[in-house]
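The following note is intended for a colleague who meets this structure for the first time.

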Amino acid sequence: MFIPKYKVLLKTIRYLVIFGICSSIHLVYALDNTSIEFGMDLFLNKANCQSCHGWSGDGRKTDNQMPDGANLRESALDRDMVVTAIKCGRPGNNMPAFDRLAYSDGRCYGLLKSQMSATPMPDPPATLQNREIEAIVDFLFAKVIKQGKMNQEKCVQFWGGNPPLCGLITQ
Ligand code: HEC
């Protein structure tokens, strides 16, 4: 009598463990997707990275008045370097700094604003908090950086639908 009960208990525990693992995987996946979507929204709207880098990050800017941004799809930078590029910008090279305190205390390349008159940079469309920068970087590594040239299939994936602009992409 003791053994079957014990077996049932073991079975129940096994189901609970499997269920637990599945739901935590699901949770991590859901969080990841939210971060990517949040980052994409910031890239396109609040931070307006697309004005210089293009909506797909390929450097074909969406605003003619803005400087030419780099082709992020071909960027060779790793995650830390991308975070630094966004926080600190590139003095003298038209990439704005999105960290509100970037040149106030030496956190960026050890430089202060007063030392940068020879290397002016444009103001960012908005400053960003760390968690916003992390979300943009999540988005960039999921959908832009090292993702190859944009094509129709990637465009549909990028937007999660099939907007008319995907039909304009020539292969
Ligand atoms: C005002 C135009 C402008 C805006 C807005 C802008 N960038 Fe840039 N970005 C540039 C330019 C120009 C460069 C190239 C700088 C250089 O050659 O060092 C660059 C470089 C970069 C790089 C380094 C690429 C590499 O491979 O070296 C990254 C990463 C980057 N931008 C990400 C972003 C993100 C993310 C945003 C939005 C949060 C953004 N940029 C907004 C103009 C812009």
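**Notes on the predicted model**

1. The protein has a mean pLDDT of 89, and 88% of its residues reach 70 or more; pLDDT is the predictor's confidence in each residue, from 0 to 100. This is a predicted model, in which local features need pLDDT of at least 70 and side-chain atom pairs count only at pLDDT 80 or more, while totals for chains, interfaces and linings use all residues. Residues are numbered from 1 along each chain as its sequence is written. Among the elements, helix 3 has the highest mean pLDDT (98) and helix 1 the lowest (75). Where pLDDT is low, the predicted coordinates should not be read in detail.

2. The secondary structure comprises six helices and zero strands, in the order α-α-α-α-α-α from the N terminus on. Helices (H or I, at least four residues) and strands (E, at least two) are DSSP runs, numbered from the N terminus.

3. Of the 171 residues of the protein, 20% count as buried. A residue is buried if 20 or more other C-beta atoms lie within 10 Å of its own, exposed if 12 or fewer, and partly exposed in between, with C-beta atoms placed from the backbone. Among the contacts with a separation of 6 or more, 49% are between residues 24 or more positions apart; two residues are in contact if their C-beta atoms, placed from the backbone, lie within 7 Å.

4. Which residues have the most contacts inside the largest nonpolar core? They are Phe43, Ala47, Phe98, Ile136 and Phe139, in a core of 20 residues. Helix 1 (2-44), helix 3 and helix 4 are the elements that give two or more residues to this core, and helix 4 gives the most, with five residues. A nonpolar core is here a set of buried Ala, Val, Leu, Ile, Met, Phe, Trp, Tyr and Cys residues joined through C-beta atoms within 7 Å.

5. The buried residues of helix 4 are Ile133, Ala135, Ile136, Asp138, Phe139, Leu140 and Lys143. An α-helix has 3.6 residues a turn, so residues three or four places apart point the same way.

6. The ligand has 26 residues around it, of which Ala47, Cys49, Cys52, Ser75 and Met95 come nearest; a residue is near a molecule or strand if its C-beta atom, placed from the backbone, lies within 6 Å of it. Helix 2 (50-53) and helix 3 (79-88) each supply at least two residues of this shell. By class, the shell has 17 nonpolar, seven polar and two charged residues. Ala, Val, Leu, Ile, Met, Phe, Trp, Tyr, Cys and Pro count as nonpolar, Asp, Glu, Lys and Arg as charged, and the others, Gly among them, as polar.

7. Phe98 is in contact with Ala47, Ile86, Lys87, Pro124, Thr127, Leu128 and Ile133, leaving aside neighbours within four places in sequence. Thr127, in the loop between helix 3 and helix 4, is in contact with Phe98, Asp99 and Arg100 under the exclusion of neighbours within four places. Thr127 counts as partly exposed because it has 18 C-beta neighbours inside 10 Å. The C-alpha atoms of Thr127 and Ala102, 25 residues apart along the chain, are separated by 9.9 Å.

8. Not counting residues up to four places away in sequence, Leu72 touches His53, Gly57, Leu140, Val144 and Ile145. Leu72 and Val144 are 72 residues apart in sequence and 6.7 Å apart in space, C-alpha to C-alpha.

9. Two backbone angles should be noted. Most residues other than glycine have a negative phi. Asn94, in the loop between helix 3 and helix 4, has a positive phi near 70° and is partly exposed, with 16 C-beta neighbours inside 10 Å. Lys146, in the loop between helix 4 and helix 5 (152-159), has a positive phi of about 60°; Lys146 counts as exposed, with 12 C-beta neighbours inside 10 Å.

10. Leu168 is found in the segment after helix 6 (164-167). Leu168 is exposed, with 9 other C-beta atoms within 10 Å. The C-alpha atoms of Leu168 and Asn151, 17 residues apart along the chain, are separated by 9.7 Å.
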